[in-house]
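User: I have a structure open and would like to learn how to read it. Can you take me through it step by step?

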Amino acid sequence: MAISLASLKRSSALSSPRILVHGVAGVGKSTFASAAPNPVFILTEDGLGTLDIPHFPLARSFDDVMEALAALYSEDNDFRTVVIDSVDWLEPLIWARACKDNGWKSIEDPGYGKGYVAALDLWRQYIDGLNALRDEKGLTIIQIAHTEIKRFDSPEHDPYDRYIIKLHARAAALLQEHSDAVLFANYRISTVKSDVGFNKKVTRALGSGERVLYSAERPAFLAKNRYGLPDVLPLSWDAFASAMPQFQAQS
């Protein structure tokens, strides 16, 4: 392809967002995604509960997931959002496929992390499928993940614990880079200090049950966004969509 100044473009057109939501168990990640425009779920875990949402049969292999993405791409439909629920349950399916392709008994068999590197090729195939749905079909992408607490070794500060996506580090980094927004869902918690006598105080955590969505990085959790979202939003699709330029333009 010949490149010249005539090929310059401006990026004013708003593409459908690629969203990764991670959060504590039971906070309402699937419910949040189910309120997105015309969603269809690709399930790798049986976690919809009572949500009455179009979904593919439970995926039991990496090929099942890729075939679902291919069906959305090649067959006529009016879905506007595809939800992967969840990517941390997709990960063992990817590892199983990598082991099958290479004749390994486990992803650890080749040693020195080589199994996880091989799995990245499958993750990239999966991402290519998501990108095709977003770029050529205009679908919004929502990936759901559970979270876990791990120690973070900062080069600037003493180590501390933080919530991160429950995936192998290489896969987590790949999905974070691919996403336009990484959102952390949790209950709002505050702390108070109580006097327990003898000149001693203890710190107690208090919560009202309010569920919130964090969109900006903090030491305690991983998050980012490319849209200038408020740092904290209620955990509801309506609140999120009202802050998103893409969905404001559609309303």
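**Reading the model**

Analyst: At 83% relative accessibility, Tyr112 counts as exposed. The cut-offs are these: buried means under 20% relative accessible area, exposed over 50%, and partly exposed in between, with a 1.4 Å probe and protein chains only. Tyr112 sits in the loop between H3 and H4. Tyr112 also has a positive phi of about 55°, although it is not a glycine. Some ground rules come next. This is a predicted model, where local features need pLDDT of at least 70 and side-chain atom pairs count only at pLDDT 80 or more, while totals for chains, interfaces and linings use all residues. Residues are numbered from 1 along each chain as its sequence is written, and side-chain values use heavy atoms, with hydrogens and water left out.

User: How do I get an overall picture of the protein?

Analyst: Begin with the box. The C-alpha atoms fill roughly 75 × 50 × 50 Å, taken along the principal axes. Then look at burial: buried residues make up 44% of the 251 residues. Next comes the surface. The protein exposes about 14100 Å², and carbon and sulfur atoms supply 51% of it. Such areas come from the Shrake-Rupley method with a 1.4 Å probe; for residues, only the protein chains shown count as cover.

User: How do I read contacts?

Analyst: Contact means heavy atoms within 4.5 Å. Take the contacts between residues at least 6 apart in sequence: 63% of them join residues at least 24 apart.

User: What does Val65 touch?

Analyst: Val65 lies in helix H2 (residues 62–74). Val65 is buried, with a relative accessible area of 0%. Not counting residues up to four places away in sequence, Val65 touches Ile42, Thr44, Ala59, Leu90, Leu93 and Tyr126. Compare sequence with space for Val65 and Leu43: they are 22 residues apart in sequence and 8.3 Å apart in space, C-alpha to C-alpha.

User: Is Asn131 buried or exposed?

Analyst: Asn131 counts as buried, at 18% relative accessibility. Asn131 is found in helix H4. Leaving aside neighbours within four places in sequence, Asn131 is in contact with Arg18, Glu136 and His178.

User: How do I describe two aromatic rings?

Analyst: A pair of aromatic rings is described by the distance of the centres and the angle of the planes. Rings of Phe, Tyr and Trp (its six-membered ring) pair if their centres lie within 6.5 Å; planes under 30 degrees apart count as stacked, over 60 as edge-to-face and the rest as tilted. By this rule the count comes to 10 aromatic pairs. The rings of Trp123 and Tyr126 have centres 5.7 Å apart and planes at 75°, so this pair is edge-to-face. Both residues, Trp123 and Tyr126, are buried.

User: Which aromatic pair is stacked?

Analyst: One is Phe184 with Phe221: 5.0 Å centre to centre, 20° between the planes. Phe184 lies in strand S6 (residues 181–197) and Phe221 in the loop between strand S7 (200–214) and strand S8 (224–225), so the pair ties together parts that are 37 residues apart in sequence. Both Phe184 and Phe221 are buried.

How values were computed:
Helix = DSSP H or I, 4+ residues; strand = E, 2+ residues; numbered from the N terminus.
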